[in-house]
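Please look over the sequence and the model shown here before reading on.

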Amino acid sequence: MVNTKIRLCGRELDNPVIPASGTFGYGYEFAELYDINCLGSLSFKGTTREARFGNPTPRIAECSSGMLNSVGLQNPGVEAVIAEELPKLRSCFHKPVMANVSGFSTEDYVYTVERLDGEDNIGWFEINISCPNVHGGGLAFGTDPKNAAAVTAAVRNVTAKPIIIKLSPNVTDITAIAKACESAGADGISLINTLVGMRIDPKTRKPILAVGSGGLSGPAVKPVAVSMVYKVYEAVKIPIVGMGGIATAEDVIEFMLAGATAVEVGAANLVDPFACKKIIDRLPEVMRKYNIQSLEEITGGAHR
């Protein structure tokens with residue numbers, strides 16, 4: 001009997017599979033399709049202090065082995081999330097969830113975390129300092145170790161719950177930023193967010209996305225993600241949530257061997273809404289194939 005359970009920042013999960021923020025709504029939408037309690041957890045849609053309409057359309061573009069998005073953090077704002085979205089999620093998902101939080105200033109992050117901190121179904125905060133689709137926010141904090149540390153420390157001061165800092169791959173040295181976050185009090189690191197990319201329409205001779213560039217996700221980014229998880233695992237002592245092109249149970253094993261304690265599944269949910277369930281269902285079979293008795297034992301296995 002194989003064991004799929006893992007521990008993330010002190011909390012036990014039935015398995016390491018977590019739908020990534022922005023690809024699974026607030027959870028209850030997918031609960032109409034299957035029992036989402038099979039998930040290890042879920043990271044709900046990125047939430048900001050104020051409601052955001054997001055970027056102008058078009059804001060999705062397909063490309064080889066992936067997709068580009070420039071949604072721009074569309075969400076109803078933290079007050080509406082507390083009043084409307086979390087009660088609906090609580091009714092259909094009975095495990096702790098990740099609250100993905102974005103902001104345009106340190107004060108924004110602090111305010112949103114403080115407002116969400118009292119919600120009993122939030123087990124972790126995933127602090128997104130790496131969104132490449134919003135001017136003046138997110139990525140500005142995630143590309144500099146000092147700024148990343150400042151946001152981490154500020155959030156650390158207003159919650160006792162674990163904070164996991166979501167990092168950008170669009171940097172020269174991701175390990176320096178990861179170490180800065182760890183020193184400032186982060187309980188974990190999640191990576192990678194999307195890579196900056198662009199597509200141009202030969203007919204119009206203009207970028208397909210209304211804002212020009214967007215975030216590349218899907219299978220195309222997986223080798224980059226695995227490499228960065230591998231490097232960050234060697235740089236920090238705190239857990240890593242790996243993501244980037246995960247679509248199969250074999251991908252989960254690969255990320256965990258690179259150093260991930262848990263994983264997030266993103267773009268695959270947009271292709272197949274049952275993607276996470278299929279991965280979870282197949283995990284035991286793949287574990288037996290590779291003689292893995294417990295998933296906890298393989299984190300960082302490629303380093304040994």
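Strands S4 and S5 run antiparallel and are joined by four bridges; here helices (H or I, at least four residues) and strands (E, at least two) are DSSP runs, numbered from the N terminus, and two strands pair if DSSP finds at least two bridges between them. Within this pair, Glu62 has Met67 in S5 as its bridge partner. The two strands form a hairpin with two residues between them, and Ser65 in the turn has a positive phi of about 60°.

This is a predicted model, in which local features need pLDDT of at least 70 and side-chain atom pairs count only at pLDDT 80 or more, while totals for chains, interfaces and linings use all residues. Residues are numbered from 1 along each chain as its sequence is written, and side-chain values use heavy atoms, with hydrogens and water left out.

S4 and S5 belong to an open sheet of four strands, in the order S4-S5-S13-S10, with antiparallel pairing. The edge strands, each pairing on one side only, are S4 and S10 (195-197). The remaining pairings can be set side by side.

| Strand pair | Bridges | Residue and its partner |
|---|---|---|
| S10 and S13 | three, antiparallel | Gly197 with Gly214 in S13 |

The largest pocket holds about 810 Å³ of space. A pocket is, on a 1 Å grid over the protein atoms alone, an open set of points where a 1.4 Å probe fits, with protein on both sides within 12 Å along at least five of seven lines, and lining residues have an atom within 4 Å of a point; the volume is the space filled by probe spheres set on the points, which are joined across faces, edges and corners.

Its lining counts 39 residues, of which Ser21, Gly22, Thr23, Asn69 and Thr194 lie nearest the centre. The elements that give two or more residues to this lining are strands S4 (60-63), S5 (66-69) and S13 (214-217), together with helix H9 (268-271).

Elsewhere, Arg156 is found in helix H5 (residues 145-156). At 21% relative accessibility Arg156 counts as partly exposed, a class between buried (under 20% relative accessible area) and exposed (over 50%), with a 1.4 Å probe and protein chains only. Leaving aside neighbours within four places in sequence, Arg156 is in contact (heavy atoms within 4.5 Å) with Lys161, Ile163, Ala184, Gly185 and Asp187. The C-alpha atoms of Arg156 and Ala184 are separated by 8.0 Å, although these residues stand 28 residues apart along the chain.
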